[in-house]
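Dear colleague,

Here is the structure I promised to pass on, with the sequence alongside. My notes on what was found in it follow below.

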Protein chains: 2
Amino acid sequence: MKTYLDCFPCFVEQAIRAARLLTDDEKIIKQILDEVGAYFSKIPLTSTPPETGDFIYRRIREITGVNDPYKAAKKASIEEVLSIYPHLQEMIRESDDPLLTAIKLATIGNVLDFGISRTYKLMEEIAKISEMKYGIFHYNEFREQLNRASSVLFIGDNAGETVFDRLLIENLGKDVTYVVRETPVINDAIEEDAIDSGLHEVAGSTAPGTILRFCNEDFLDRFEKAELVISKGQGNYEGLSGVDRKVFFLLRVKCPVIAGDVGVELNDFILEGINL
Amino acid sequence: MKTYLDCFPCFVEQAIRAARLLTDDEKIIKQILDEVGAYFSKIPLTSTPPETGDFIYRRIREITGVNDPYKAAKKASIEEVLSIYPHLQEMIRESDDPLLTAIKLATIGNVLDFGISRTYKLMEEIAKISEMKYGIFHYNEFREQLNRASSVLFIGDNAGETVFDRLLIENLGKDVTYVVRETPVINDAIEEDAIDSGLHEVAGSTAPGTILRFCNEDFLDRFEKAELVISKGQGNYEGLSGVDRKVFFLLRVKCPVIAGDVGVELNDFILEGINL
């Protein structure tokens, strides 16, 4: 996805929100904002928003000296979802279409965001699973492509959501590589979080990845060769929606600019396959 | 009012909104955003937000070459309110407390903002005049100070709202100087708009004014010597809330940062006297 003009106020908001969680010192936060503002002229509208996000979160890490501020919050989130994991497994096992239910739960997992009251909100969303409103739902295409594929590259998003991804992976019946971030950014899962979520038990290997331009060669090679790619969440959509290979995006739309880019409404769920 | 960290995303939003009304060219709007971003480091948190607003709107005027883009919209707004002016005069005349009713109408006039469906919205607000929720309402203090004063300095805000101000001025029974902006900024009234609103019939003179630092000496002199100062709208609150003289602010709170600064809720009306 390109960077829209409306992403710019949001970059500033994100910087404030992220910095405030690390410091009360207005001078430090102001310094971060000054840097973000000065960086505007270096952000072409043709770049993807996560490229700017990477700059912002890197500078916040460097200026505040805090590397993984959400380590504890991420662990708590994973623990919470693990505590309902047997219940979710049962839901899937007892449903008429286990793959469909696992996909829906994995999309609900993308509702998880740092700061919301997690378990409560999650159980509420799970209770409404039969009413879920998908703006785009390429389920038949997904099922068909999955049947043909022998291996899957699965690009994860937030810690906690990872446990939902594990449930989906258990129901794919394929050899899966689960990809997470190399460096901590807010509550995005890193390798340690994936392992805490038990993903090493279902996925063959983990590899760091985010924006293609910044990705290591191992990831790029896997991304190119993968028979089926599943990408979770908005950040990965923003980074990958412009690639010229098949990708299935699974996410909750939480931002009006992305809603416009996808062509759905805010808060819609989507399972969208591109270049099919 | 100081500049809060949360004002920075809003500066960027304002620049986008104002620029979009003048051009569809993303490159020009991006150039404006780049300049606004680069300007962040020159905005001390001790400055008032309108000082940054002045920079933004000046650069937009310079870059797009459009000086008073809302001239027609402002005229239409004034015409609309003038069309209900006799009705409003009657409302005031027939009320138990004409000054109170005139103050309430003048506050409702501050709801006027470019872009909302004006007459409809206004008539709706006027119909609810008896339920108006003031977060701060220093009416007794205002009435007392007014009785003691022989002259009033009245600082206006938007075109159209000016007609409501005229109604209030008619009910102050004092010698009034009505102050407007020297340069067009969005739909803020300039001298021509004040005259179109008939303010020259009720106010002794008009003088341009906005942020004290940028004001001409004539205004500063009047501001210092005025017995009673009435200031309309958020922009003037932001510019003047830190002064060390008595001022009565009359406005609708439309921004969460200002709500926090004043200590009221979003969408509250306020009649607040400072340094009483």
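Among contacts in chain A between residues at least 6 apart in sequence, those joining residues at least 24 apart account for 72%, a contact being a pair whose C-beta atoms, placed from the backbone, lie within 7 Å. This is a predicted model, in which local features need pLDDT of at least 70 and side-chain atom pairs count only at pLDDT 80 or more, while totals for chains, interfaces and linings use all residues. Residues are numbered from 1 along each chain as its sequence is written, and chains are lettered from A and ligands numbered from 1 in the order in which they are written.

Chain A holds 14 helices and seven strands, taken as DSSP runs (helices H or I, at least four residues; strands E, at least two) numbered from the N terminus. Of its 276 residues, 43% are buried, that is, with 20 or more other C-beta atoms within 10 Å of their own, again placed from the backbone.

As for the pair, chain A can be laid on chain B with an RMSD of 0.0 Å by a turn of 180° and a shift of 0.0 Å along the axis, superposing by least squares on the C-alpha atoms of residues with pLDDT of at least 70 in both. The two copies are therefore related as by a two-fold rotation axis, and in chain A the C-alpha nearest that axis, at 1.8 Å, belongs to A:G37.

In the interface, 17 residues of chain A are in contact with 17 residues of chain B, and α2(A) gives the most to chain A's side, with seven residues.

Best regards

Conventions
Two residues are in contact if their C-beta atoms, placed from the backbone, lie within 7 Å. A residue is buried if 20 or more other C-beta atoms lie within 10 Å of its own, exposed if 12 or fewer, and partly exposed in between; C-beta atoms are placed from the backbone.
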